[in-house]
Amino acid sequence: NKIKKQLTAIDDEVTNFKIDYIKKYASSFFVKLLKAMEPIFIPEAPILDDGTVDSLFQYYYYKNHFWDHFDLEDDRMIRTPIFHRKMEKYLMEYTPQIPDSIIKSLDVLIEKVRPSEALFKYIINWSTHHYESSKIMGQDAVFVHLVFSYFITRQTPWIEEVQLTNIIDKAMRISPNLIGTTAPFLRIPDDKGVLQDLHKIKAPFTALFFYDPDCGHCKTETPKVKEVVDDYADKGVQVYAVCTEFDEDMWKEFIVEKEIDNWINVIDLENESNFRGKYNIMGTPRLYLLNEKKKIIAKQIDSAALNEILENEFKKLEKN
């Protein structure tokens, strides 16, 4: 008990010293650092009309007051170890990791730091790179939003013109095939010359598969995709398989060799559909999953992920 009292007295002494120091040197940069490290006091959650505690009150209060003690208009804060850690916590721990929520949090933070040229530049650069290279499916929507909101509108004067063009071009290629959007139109001939319309396929889910018959990885992955789709054939899952090359003989041999003649196999020998641009096909294989309404629910996945997603999606349908 004696030691506890001594520790309490020391804590009180340190706290009082800090309070006095902050009052005495209020305009100093060190005081800004001390304030930036101050915890947010969260009040008790109110009682709702139905007599229950508002379970979300404290979360929203903390999120809305997260930057209260931080001077987001001071360029010098960028040179401290505090800002980056705090920014990551705000975006990754206290923001739901879905694109709409991340975008909202980013826009709020960017507007808060706009008076600081250094912080504004830092957040734009870091978040653009982070979400452009994110391994989490769907977060490329955050990258597209940043480009459309801040790069195309010429709010990034520090970016050189060639780099700016490349960034905008990448966002333009990604934007038509974001998760949740309707799959871009495709109408490509099959081996009999019959035009096959992607959007007219009647199926609860359609696997949209782009492959090169001469690609080693495609040769390995195609049988795995077939195995997954065959497991769900009785549930109506279809495959719209697009050959990305122009060798018709090789394409037909590949179909026979891999026993995928029950797929909707198409090839664009005249290169009229612009499937590469519409689906950002920069390599193969590329696998998308579309729902009954042909909205993209998964992209750039492999056969293992396809199996997992289909299993979860059919469970959802069974519950409904």
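**A tour of the strands**

Select strand β5, residues 264–267. Ile264 and Val266 point one way, Asn265 and Ile267 the other, and all are buried. Buried means under 20% relative accessible area, exposed over 50%, partly exposed in between, with a 1.4 Å probe and protein chains only. Strands (E, at least two residues) and helices (H or I, at least four) are DSSP runs, numbered from the N terminus.

This is a predicted model: local features need pLDDT of at least 70, side-chain atom pairs count only at pLDDT 80 or more, and totals for chains, interfaces and linings use all residues. Residues are numbered from 1 along each chain as its sequence is written, and side-chain values use heavy atoms, without hydrogens and water.

Pick Ala241: its bridge partner in β5 is Asn265.

Now follow the chain from β4 through helix α10, residues 248–257, to β5. This β-α-β crossover is right-handed: with the strands pointing away from the viewer, the path from the first strand over the helix to the second runs clockwise.

Next, select Cys243 and Cys218. Cys243 is buried at 1% relative accessible area, and Cys218 is buried at 0%. The sulfur of Cys243 has its closest cysteine sulfur in Cys218, 9.2 Å away, too far for a bond. A disulfide needs two cysteine sulfur atoms within 2.5 Å, and the count is zero.

Move to strand β6, residues 286–291. Five of its six residues are buried, so β6 is largely enclosed by the rest of the structure. Six bridges join β6 to strand β3, residues 205–211, and the two run antiparallel. Stop at Leu289, the bridge partner of Ala207. Leu289 also stands opposite Ala298 in β7.

Finish at the β6–β7 hairpin, with four residues between the strands. In the turn, Lys294 has a positive phi of about 65 degrees.

Technical notes: Two strands pair if DSSP finds at least two bridges between them.
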